[in-house]
Amino acid sequence: MDLTARTKPWLGALLVCALALVLRLYHLGSIHELIFDETYYVKDGWTIVHHGVEMSWPDDPDPAFTSGEVNSSEDSGEYVVHPPIGKWVIGLGMLALGGDSAWGWRISVALLGALSVLMLARIGRRLFRSTGIGLIAGLLLAVDGLHLVMSRTSLLDLVLMFFALAAFGALLIDRDRFREGLARSVAAARARGEELPLLGYRAGFRPWRLSAGVLLGLACSVKWSGIYFLAVFGIMTVLWDWWARRRVGERRWWENGLFRDAVPAFVAMVGTSLVVYVASWSGWFASSKGYMRHWAEENGHAGGNPVLNALRSLWRYHAQAYDFHIHLDSPHPYQANPLGWLLQIRPTNFYYRSYDYGEMGCEVEKCASQVLSVGNPLIWWFGALSILIVLVVAIWKRDGRAWAALTGIIGGYLPWLMYMDRTIFTFYSVVYEPWMILCLAYVIGLLVGPRSADGERRLAGTLLAGSLLTLIVLVSAFFWPIWTGQVIDVDQWEWRMWLPSWT
């Protein structure tokens with residue numbers, strides 16, 4: 001393969017990433033307020049990079065914090081119900097640009113949002129063996145409103161998505177490396193006129209699978225829901241290995257896959273994830289102020305070993321946080337049943353202000369400024385349909401690519417159907433959005449047709465796909481003001497409220 005053939009796919013992916021970066025950084029700090037749950041995670045991020053743990057704050061701390069009094073936290077640990085890594089990510093951006101800067105609050109998540117677009121473009125290319133499908137996936141993620149809003153807001157969900165997507169990409173690389181090594185081993189055996197070894201191919205050390213374990217451990221260290229990705233991706237990677245052994249004709253492919261692939265995969269992924277997760281609490285272990293840090297000593301559960309005492313305290317902390325999560329049912333005006341997430345029935349309003357003539361550049365009688373975490377309706381409505389199409393293709397044609405594209409939906413969306421009575425929100429959908437977009441890009445690729453298709457068929461499919469993508473980009477441009485808090489005429493704001501449930 002010549003240099004041009006290798007660099008062209010990267011060039012396209014980098015251009016899509018550049019577009020995503022511009023959209024995510026444009027006036028990133030224009031809203032100098034902590035919007036929605038930024039009130040928790042930004043202040044937690046600031047204290048965690050300075051104290052190693054989340055610290056408590058006095059009553060109503062946001063006005064003082066946003067005015068620059070960022071060091072007014074109290075001298076005691078705060079009770080939080082999410083692990084530390086997402087807040088470390090947010091805090092590092094503040095450490096670089098300052099805790100009194102709205103850019104500092106949001107820069108880390110914005111950069112991860114842009115990088116996730118680059119990753120998806122490359123993942124789509126590797127999964128479907130198509131540069132075009134990969135670029136379509138990257139473009140759709142770059143211009144979608146939910147991903148855009150979540151990239152411009154310091155919440156934890158996009159950070160979780162980033163690590164889960166990176167782990168998926170690492171496992172794809174591991175799959176391809178395994179298949180290449182297996183193919184070489186089989187070819188060498190057949191060239192020598194030998195039968196395949198009874199114990200099967202031994203892959204040896206698999207650094208990309210280990211990397212996936214680290215990344216999934218980081219995902220779990222952002223939010224506990226990362227454990228669903230760990231379970232689904234762990235099953236996926238072992239099934240890939242079993243299928244590859246079966247295809248090359250290993251006589252004991254099931255047993256070989258169990259002992260050579262499944263058991264090592266469990267150690268490499270689950271074991272590594274557990275180590276990473278515990279290590280993510282290092283700041284809490286090192287601190288004397290972390291919430292419940294000395295629970296064991298203070299409640300008669302201490303032994304002679306301080307490490308075990310700390311682990312007992314951490315376990316108790318986790319039990320309390322778990323109880324909080326499973327009983328979280330306080331009504332919220334923007335809570336949304338997960339059955340409506342794919343159709344964006346009830347998006348979350350992050351920020352809304354109304355202005356009269358002359359205020360904040362308002363040039364009409366009444367203006368509005370909003371940040372609404374609603375996805376591009378065409379991407380999500382067609383995306384929901386594409387999931388069903390990809391599921392049919394996966395079952396009917398036994399297409400492994402289709403099944404792989406569905407794994408993120410299985411790990412990131414289906415578990416929420418068990419918690420429909422809890423207070424949960426549509427913006428959680430950003431966690432599985434890349435896999436929905438992979439499904440949509442795959443269906444658009446089916447619409448264009450394979451390279452072997454008739455020329456007229458390909459031309460018609462390409463024109464239809466191009467028209468759809470153009471329309472999607474135009475719709476994103478239309479919704480841009482309510483994704484970024486632009487001050488617009490109230491009438492224009494109402495034009496963008498396509499469903500009554502959006503208001």
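**Entry 1: the two annotated stretches.** I began with residues 311–502, where the chain is 53% helix and 10% strand and the end C-alpha atoms lie 45 Å apart. Helices here are DSSP runs of H or I with at least four residues, strands are runs of E with at least two, and both are numbered from the N terminus. The UniProt record, an unreviewed entry, gives this stretch as "domain: Protein O-mannosyl-transferase C-terminal four TM". The record also lists residues 16–169 as "domain: ArnT-like N-terminal", again from an unreviewed entry. That stretch is 66% helix and 0% strand, with its end C-alpha atoms 18 Å apart. I kept in mind that such annotations may be inferred rather than shown by experiment, and that feature names are shortened.

**Entry 2: ground rules.** This is a predicted model, in which local features need pLDDT of at least 70 and side-chain atom pairs count only at pLDDT 80 or more, while totals for chains, interfaces and linings use all residues. Residues are numbered from 1 along each chain as its sequence is written, and side-chain values use heavy atoms, with hydrogens and water left out.

**Entry 3: the nonpolar cores.** I looked up the largest nonpolar core and found 127 residues, with Phe233 and Leu438 having the most contacts inside it. Helix H8 (residues 157–191) gives the most to this core, 14 residues. A core here is a set of buried Ala, Val, Leu, Ile, Met, Phe, Trp, Tyr and Cys residues joined through side-chain atoms within 4.5 Å. A second, separate core has 12 residues, including Tyr277, Met292, Trp295 and Leu314. Back at Phe233, I listed its contacts (heavy atoms within 4.5 Å) beyond four places in sequence: among them are Ala164, Phe168, Met269 and Trp435.

**Entry 4: Asp261.** Is Asp261 buried or exposed? Asp261 counts as buried because its relative accessibility is 0%; the cut-offs are under 20% relative accessible area for buried, over 50% for exposed and partly exposed in between, with a 1.4 Å probe and protein chains only. Asp261 sits in helix H11 (residues 253–279). Leaving aside neighbours within four places in sequence, its contacts include Arg206, Arg209, Asp241 and Arg245. I also checked Phe479, 218 residues away along the chain: its C-alpha atom is 47 Å from that of Asp261.
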